[in-house]
Amino acid sequence: MDAIILQILNGLDKGSAYALIALGLTIIFGTLGVVNFAHGALFMLGAFVAVTVRRILTLSFETIDPTRKDFLGNPLKVKTTYVEHWFGPDAGQWLIDWSVPIAVIAAIPVMALVGLAMERGLVRHFYKRSHADQILVTFGLAIVIQEIIKYFFGANPIPVPAPEIFRGSFDFGVLLGFPENAIIYPYWRLVYFAFAALVIGGVFAFLQFTTFGMVVRAGMADRETVTILGIDIDRRFSIMFALAAIVAGIAGVMYAPINSPNYHMGMDYLVLSFVVVVVGGMGSLPGAVLAGFLLGILESIASMKALIDLVPGINQVIIYLVAIVILLIRPRGLMGRKGVMED
Amino acid sequence: MDTREDIMTKLHLTRRGVIKAGAATGAGLAMPTIFVKGAAAYTNEPKGSEVVFGFNVPQTGAYADEGADELRAYKLAVEHINGEGDGGMLNTFSSKALKGNGVLGKKVTYVTGDTQTKSDAARASARSMIEKDGAIMITGGSSSGVAIAVQSLCQEAGVIFMAALTHSNDTTGKDKKKHGFRHFFNAYMSGAALGPVLAEAYGKDRRAYHLTADYTWGYTQEASMKYFTEKEGWETVATVRTPLGAGDFSSYIAPVLNSGADVLILNHYGRDMVNSLTQAVQFGLRDKIVNGKQFEIVVPLYSRLMAQGAGDAVKGIFGSQNWNWQLQKDDAASRAFVKSFGEKYGFPPSQAAHVAYVQTILYADAVERAGSFHPCAVIEALEGYKFDGLGNGPVEYRAADHQCFKDVLVVRGNENPTSQYDLLEVYAKTPRAKVEYAPDNEFFAGGALGECNPGK
């Protein structure tokens, strides 16, 4: 029992990342009708915003300490960060320690710009082309972004620690009456889950309760009529693309302490996120979120040793198996509507 | 866009090429074999004043940083063989056959290939270097899958393969080849070196939980660690295979504490190791007391570049290495290597760089001692060869399986690193006798070296 609770907790967390990426994918697909294979790259770029912010905060100058030696036996160059130099060691250390939350704030304008540049610069030219062309061009873009990141940051993962107070883990089991250490969960992952819930709630509230959101929803339902009514729906859709980029980006920033960022992490999540979108139903935002959590939890449960011993390899195929079953029963996905991607 | 004329020219050339090739083949077929043999006694026999080495490393993909460091070392080795630079470990190497005038008087040049850490890409680039660029030998590799694939290709092509980063028992076990030579240590040696150290540090009454990368290297690493820790009295609670590149290992790590285990052994490498270790530390495993003992994590195969990825998470964690630049404290050879590498590139070399450099020097030296580039002569010169002064103390290339035998380093994550280069510190040196095994040991049984193949 405790093992299953543990894996559900785990799945919520994995599901948060899937749901956040799938949410952005669905926004872009629903508004612009574009299948964006570069969306995983946006998640990865977000993680590298975290890396970059940390690098900026730890920029340092060198002073030579003649009393110590470096690996070649020359006097050691001691590095002091500028933030420590300017704000004093305590405040400087605090800034560096909190680099991930700071990066979330930095990522919002950065990702908005990246999103706008992507949409205005490239994706817009493919609105009238077939989905196959859109997939090819965005997939190509993803590879280009990936290689640029590798050029500047190298191929190895780069550690980005979470703030000190979130290290360590919380003992859930004790709360539920289980023995000590039965169900432990890292604090940062709890933060991630709360953060994801907040972002998802925010996006839904934005679409549901603002005039802007209402127009966008109307545009998603019937683009032509909205245009005839004299509303510049294209501009609003561009902004939605930027919003989707921000969602993917901040999801990446917050994920950096969980998984050391590397240039390939976007691709790792992209394929699964597409499965999530399809299972949830193309174009359905609640469907994407529901399927994200569902598949995250299933994947976690399938990686329990008892199950792997029973069905070897189940941990690697469970998502696809479930996807097949769901699509057989509900060909449009869990919450898919008629007429989406069927023309 | 090609114009019609361009295409015509190309077609024309190709047609002529085909005819020429056809004629040559015809002549070759018509000629008695003995003459053909005289013309080329072995694959890529160097004819001019230069000889080509083929460096087959991952330049893209997950291990590109290891590949880049290997390539730096290969270039340094070529410089030293050709008599440029300060000579590095040639000054400390026990063999004095190399004179700094190339190999057998021929200047060494090189070509590079990109393995992408994929077996098929690695074979294709090795084949291209052998067939198009005339490489007399191939060296490189950063994964056992790749090394084993390229090794068998070199056997068929009739060139020597000097393996660099490959740690699976199979490389010199069931997949060993007459043309393949490995300086790097292996999973068995890691286990043999770590077992006693772990038992001493953490006690003999321990329960271990293994997470293992789901491919050849992971299996041999797991089997070796299991064998040697159980030999010390440890119990193995569970062994769980994790998919390669899983990214998030939380669902594998979460059940560990509840399993009754008090040690977690991570048979992972590369990105997997960075992620699983970071996440295990995040789960707070190392802060827990289980069975009345401090919970511990072990990473059997360490790499400095990986340690950099894991950051603080490596502190205090045991593992093993083939070489570490901090050996320079009491080893003149390591000091010479760190100096020439450090002065050229500005940072200390990794173990990947070390093995790449050493393998190139060993090949060149074997050719010089054999007096010929003929692969059969080179193999003879390397088999059973004993040497010293290349950073690992006395070493022997065992004739029976082409595995180097030497002391193995047990390292530990440094609690107080002064830079990103000393994240690991040398904890102990396990002497060769403790890690040596018979060629027919159960972990290495099966397969055969086969015969020397001079190629065409």
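**Exercise 1. Work out which strands form the hairpin in chain A, and how they pair.**

Step 1. In this predicted model, β1(A) and β2(A) make a hairpin with 5 residues between them. Strands here are DSSP runs of E, at least two residues long, and helices are runs of H or I, at least four, both numbered from the N terminus.

Step 2. Look into the turn: A:Gly73 has a positive phi of about 90°.

Step 3. β1(A) covers residues 60-69 and β2(A) residues 75-81. They run antiparallel, joined by 7 bridges; pairing requires at least two DSSP bridges. One bridge links A:Thr63 with A:Val78.

A note on conventions: local features need pLDDT of at least 70, side-chain atom pairs 80 or more, while totals for chains, interfaces and linings use all residues. Residues count from 1 along each chain as written, with chains lettered from A in the order written.

**Exercise 2. Describe the contact between chains A and B.**

Step 1. Chain A brings 37 residues and chain B 42 (contact: C-beta atoms, placed from the backbone, within 7 Å).

Step 2. On the side of chain A that touches chain B, α1(A) gives the most, with 7 residues.

**Exercise 3. Find how chain B is divided.**

Step 1. Domain 1 spans 50-185 + 326-406, and domain 2 spans 188-321; the bounds come from an automatic or database domain assignment.

Step 2. Their centres, taken over C-alpha atoms, are 30 Å apart.

Definitions and conventions:
Two residues are in contact if their C-beta atoms, placed from the backbone, lie within 7 Å. A residue is buried if 20 or more other C-beta atoms lie within 10 Å of its own, exposed if 12 or fewer, and partly exposed in between; C-beta atoms are placed from the backbone.
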